[in-house]
Amino acid sequence: MIIKRTRSFVSLCLAAVLATPPLAYADNSIELPSIGTVAGSTLTIDQELIYGDAYMRMLRNSRPVINDPVLNEYIDSLGHRLVAYADDVKTPFTFFMIRDRDINAFAFFGGYVALHSGLFLHAQSESELASVLAHEIAHVTQRHLARSMEDQARRSPATIAALAGSLLLAIAAPEAGIAAITATTAGNIQSQINYTRANEKEADRFGIATLAKAGFDVNAMPRFFGRLADEYRYASKPPPMLLTHPLPEDRITDSRQRAQQYTPVRLQPSLNYHLARARIVARYAGIDSDAALDWFNRTQKKAEPSLHPAFEYGKALVYIDSKQYDKAEPLLNALLKSDPVNGFYLDAVSDLYLATDRPQQAQALLSAALKQKPNNAVLTINYANAMMKEEKYSDAIRILQRYTHDNPNDTNGWQLLSEANIRLGNSAEDLAARAEIFALRANWNKAIQFYTQASQLAKLGSLEQARYDARIDQLMVQRERFLSLQ
């Protein structure tokens, strides 16, 4: 998604979709109008869930969504820690990451919240990252996207379907989306800007309250915000956040004043945050191994000793990815000895074992860990992969069938399930697994085609054929519902 500078309805609606990092406002000292959580006359919660699911499928097809179980587990845990303390939660929440070095985060219908991987390169603590998430969660709970559409609908002859359809198009194809929205909307530009600012202030207020209740450092909000403004004050190409929502000094001042109304807390640095950050630097920052190692070595010298394991972990990942396994192994052995059930370490050690043709050791390691953390997604997907490396395809399929049932939106599980069935010559099940990947990316026709082929391969009247046919019916309904949104 590329957001232009235009202050059209795209800017209005995507106030929630492409938002600035959260602003911190104290709960009581700076009075802000309570906008409430109306918008029921525009879209129901059920309709928002439908639109959110549609957007997510389109994003999987058009953006580099990071399908990393380790990072997904960390983001999901952090996000739901905040959701537990948020007000007016009416939808489930899904947190995910996009591989993009630009600083950005956005939220949209149905409780979907995305973080660009570039945020980890600029946020210096878990509280700073949490401040971004808390702000985006508030956009969802306060239904800012639906309320923006409602506000525009009052001033425009366009129907809600036209407005929502244009927004859907804007997310999938920004330039075409802007043209469609311009053609179907009208109204006063200044009122759109004001409405957007009101949404932002409300998200700030609810976000900082959530951050405080969840036990994070509320001063991280203005600290991150101010640093971002200072860094890009004279930049010719500021990040998308600042293009869409500039950071005037009065907003930064307000954030500091609001944060000061909360009792200060002193938190120990989060090792898990820095492990996630190290993983992104090693694998998703788009830099070569020498540059990554240099960053780890330089940053470790300035870091607290308690965070040194994160830098050792990052270096070990670089060594694995560059096939310097003899350098990675002693680092990982020491880390795993210090914390035997740490998912970051277990994932890396299992990668090392599989890369060095030791699948049995990987299985033993993961099997023992699963006894302590049953059904853990990171351990389970690694365990299935280890079984496949040892050509235990039937065992891997049993694990992956459960995994895909519990994690139906994870393409990793479906891809491994497809591969395992190919190895055993189960063409119908391979087609079914690949069909699910197509469906997750909104390629309904391919998904239905593959399930139809699977049904034709299945024994006539068998349970397998009945299952494939039932899934075809479901996909056809989903396809029609999806097409009706455009």
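Before I start: axes here are lines fitted to C-alpha atoms, for helices over the stretch in contact, and angles run from 0 to 180 degrees between N-to-C directions. I also note that I am working with a predicted model.

**Entry: the whole chain**
I began with the overall make-up and found 24 helices and three strands in the protein chain. I then checked burial: of its 486 residues, 56% count as buried. The protein chain exposes about 20,800 Å², and carbon and sulfur atoms supply 50% of that area. I looked at contacts between residues at least 6 apart in sequence, and 69% of them join residues at least 24 apart.

**Entry: helix 3 and helix 13**
Next I looked up how helix 3 (residues 69–83) sits against helix 13 (residues 271–283): they pack at an angle of about 145°, and their axes are 10 Å apart. Helix 3 passes helix 13 in a left-handed crossing. Which residues make the contact? I listed Val 70, Leu 71 and Tyr 74 from helix 3, with Asn 272, Tyr 273, Ala 276, Arg 279 and Ile 280 from helix 13. Sorted by class, the contact has six nonpolar residues, one polar and one charged.

**Entry: the cores**
Tyr 74 turned up again when I went to the largest nonpolar core, which has 98 residues. The members touching the most others there are Tyr 74, Leu 82, Leu 115, Phe 120, Leu 129 and Tyr 313. I followed up Leu 129: leaving out residues up to four places away in sequence, Leu 129 touches Tyr 74, Ile 75, Leu 78, Leu 115, Leu 119, Phe 120, Ala 123 and Tyr 273. Apart from this core I found another, of 36 residues, including Tyr 51, Ala 114, Ala 432 and Ala 447.

Technical notes
Residues are numbered from 1 along each chain as its sequence is written. This is a predicted model: local features need pLDDT of at least 70, side-chain atom pairs count only at pLDDT 80 or more; totals for chains, interfaces and linings use all residues. Side-chain values use heavy atoms; hydrogens and water are left out. Helices (H or I, at least four residues) and strands (E, at least two) are DSSP runs, numbered from the N terminus. A crossing is left-handed if the near helix is turned anticlockwise from the far one by less than a right angle, and right-handed if clockwise. Contact means heavy atoms within 4.5 Å. Ala, Val, Leu, Ile, Met, Phe, Trp, Tyr, Cys and Pro count as nonpolar, Asp, Glu, Lys and Arg as charged, and the others, Gly among them, as polar. Buried means under 20% relative accessible area, exposed over 50%, partly exposed in between (1.4 Å probe, protein chains only). Accessible areas come from the Shrake-Rupley method with a 1.4 Å probe; for residues, only the protein chains shown count as cover. A nonpolar core is a set of buried Ala, Val, Leu, Ile, Met, Phe, Trp, Tyr and Cys residues joined through side-chain atoms within 4.5 Å.
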